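Student: I'm new to this one and would like to learn how to read it. Could you walk me through it, feature by feature?

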Amino acid sequence: GRSIVVLPSTTLDGKKSRIVAQLTKGAGVVTPRSNIEFVVTEFGIAHLFGKTIRERALALINIAHPKFREELLDAAKRVRYVYEDQILPPIYEPLYPGQWETYQIFPPDNQKVFFRPIRPTDERALQEFFYSLPDEDIYYRFLSAMKVFPHRNIQAMVNIDYEHEMAIVGVIGDIGEEKIIALGRYILDQKTNMAEVDFAVRAEWQGKGIGTFLLHYLCEIAKSKGISGFCAYVLASNRGMLHIFHKVGYVVHSHLEGGIYEIYFKFDEPAEQCITD
Ligand SMILES: CC(C)(COP(=O)(O)OP(=O)(O)OC[C@H]1O[C@@H](n2cnc3c(N)ncnc32)[C@H](O)[C@@H]1OP(=O)(O)O)[C@@H](O)C(=O)NCCC(=O)NCCS
C-alpha cells in the first residue's frame with residue numbers, strides 16, 4: 001500500500017498554514033514521518049518517502065500556500081532543517097506548470113522518458129546528473145571545465161519562476177527513484193525578448209532524439225509565452241548541437257568568434273535557408 005495525506009494548505013479562513021514547521025507541544029501523532037509517502041495540497045504533491053530532512057522540508061514548503069512559504073522557510077532555517085542560504089522559487093501563477101509534463105518514446109528500443117518542468121526538490125538529482133556527465137560534455141555545456149556543482153550554484157537552477165526561466169528535465173524511474181537523464185533550459189533576456197538555451201543529455205542516452213525533442217519542446221513553451229526566439233553559444237567542435245539547431249525549422253543566424261558560435265533564431269522566421277558566416 002501507499003500512505004497519502006491530503007489536506008488543504010490553509011485553515012478554512014485562510015489565516016493559518018496547515019503545513020507547519022513543527023507540531024505544537026503535545027500534539028497527537030498517529031503516523032510517524034517515516035511512513036508518509038505523499039502529502040497533497042491544492043499546490044501540488046510532496047513525495048517524502050526515503051528523502052532527507054532537508055528534502056522533506058523543501059518539498060512541504062513548496063506545497064504550502066505561497067503566502068506562508070517565506071515564514072516556513074525561515075522556521076526551517078532556525079531549526080537547521082535547510083541550508084542558511086536556501087532560496088525558494090519566485091512565485092508566479094500558475095505555480096508549477098503541470099501542463100508541460102509529457103511522456104515521449106524514443107527509438108530504437110522504444111524507451112519511455114517523462115519530461116517535466118524542474119522542481120525545487122530536484123537539487124540532488126540534478127547534481128548527480130551533472131556529476132555523471134563526461135568531462136567533454138561538461139565543457140560543451142558550460143564552456144568551461146566545471147568540476148563541482150555545489151548547492152549554492154545548483155539551487156538557483158531548480159528554484160525558477162517558470163516565466164522568465166524554464167527548465168525541462170527528462171527523467172526515468174518510478175516516483176521517488178527518478179533519475180534525470182536530460183536537461184533543457186532557457187533564460188529570457190527581457191530587454192531583447194530573446195532567451196538563451198542550453199542542453200545536456202546523459203552520454204548513454206545521446207543520439208536517440210532527446211536533444212532534438214527538448215529544443216522543439218522549449219520552442220513550443222517559449223512561443224506560448226510570447227518570447228521572440230532563442231540564442232545559444234556553442235563550441236565550433238560541437239557538431240551534434242550545431243546540427244540540431246540547423247534543423248530546428250527557423251532561419252538560423254550564426255557568427256563564429258574565438259572558436260564559439262553565437263547562434264540565434266526567431267520564431268517568426270521559418271526556415272527556408274540557414275544564414276551562417
Ligand atoms: C548536444 C546534445 C544535447 C544532443 O543531444 P542528443 O539527445 O544526443 O541529440 P539528438 O539525438 O536529438 O540529435 C543528435 C543529432 O546530432 C547528430 N550528430 C551527433 N554527433 C554529430 C557530429 N559529430 N557531427 C554531425 N552531426 C552529429 C546526430 O546524427 C543527430 O542528428 P539526426 O537527428 O539528424 O540524426 C548532447 O550530445 C549533449 O548533451 N552534449 C553535451 C552537452 C552539450 O553539448 N550541450 C549543448 C550546449 S548548448
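Predicted model: local features only at pLDDT ≥ 70, side-chain atom pairs only at ≥ 80, totals over all residues.

Student: What about arginine 54, buried or exposed?

Tutor: Arginine 54 counts as buried because its relative accessibility is 12%. You'll find arginine 54 in helix H1 (residues 53-61). Not counting residues up to four places away in sequence, arginine 54 touches Tyr81, Val82, Tyr83, Gln86, Glu123, Arg124 and His151.

Student: Now helices. How should I read one?

Tutor: An α-helix has 3.6 residues a turn, so residues three or four places apart point the same way. Now look at helix H6 (residues 210-224), which has 15 residues. From first C-alpha to last, H6 reaches 21 Å, close to the 21 Å expected at 1.5 Å a residue.

Student: Which residues of H6 are buried?

Tutor: The buried ones in H6 include Phe213, Leu214, Tyr217, Leu218 and Ile221. Just after H6 comes glycine 226, with a positive phi of about 80 degrees.

Student: What's the general idea with phi and peptide bonds?

Tutor: Most residues other than glycine have a negative phi, and most peptide bonds are trans. Arginine 80 is a case to look at: its phi is near 60 degrees, a positive value in a residue other than glycine. Arginine 80 lies in the loop between helix H2 (66-78) and strand E4, and it counts as exposed because its relative accessibility is 65%.

Student: What is the phi of leucine 143?

Tutor: Leucine 143 has a phi near 55 degrees, again positive in a residue other than glycine. Leucine 143 sits in the loop between H4 and helix H5 (151-158). With a relative accessible area of 29%, leucine 143 is partly exposed.

Student: And which residues does a cis peptide bond join?

Tutor: Proline 107 and proline 108, with omega about 5 degrees. Proline 108 is in the loop between strand E4 (102-106) and E5.

Student: Last topic, the ligand. Which residues come nearest?

Tutor: Of the 21 residues around the ligand, the nearest are Val201, Thr212, Asn238, His243 and Lys247. Helix H7 (239-246) is one of the elements that supply at least two residues of the shell, and H7 gives the largest share, five residues. By type, the shell divides into seven nonpolar, eight polar and six charged residues.

Student: How do I read the polar contacts there?

Tutor: Look for pairs of N or O atoms within 3.5 Å. A polar side-chain atom of threonine 212 is 2.5 Å from an oxygen atom of the ligand. For asparagine 238, an N or O atom of the side chain is 2.7 Å from a ligand oxygen. Glycine 207 takes part through its backbone, where a polar atom is 2.8 Å from an oxygen of the ligand. As for cover, the ligand on its own has 960 Å² of accessible area, and the protein covers 71% of that.

Definitions and conventions:
Residues numbered from 1 in each chain as written. Heavy atoms only, no water. Helix = DSSP H or I, 4+ residues; strand = E, 2+ residues; numbered from the N terminus. Expected span 1.5 Å × (residues − 1). Buried < 20%, exposed > 50% of the residue type's maximum accessible area, 1.4 Å probe, protein only. Near = heavy atom within 4 Å. Polar contact = N/O pair within 3.5 Å; in protein donor to acceptor, adjacent residues only side chain to side chain. Areas by Shrake-Rupley, 256 points an atom, 1.4 Å probe, with all protein chains shown as cover. Nonpolar A, V, L, I, M, F, W, Y, C, P; charged D, E, K, R; others polar. Contact = heavy atoms within 4.5 Å.
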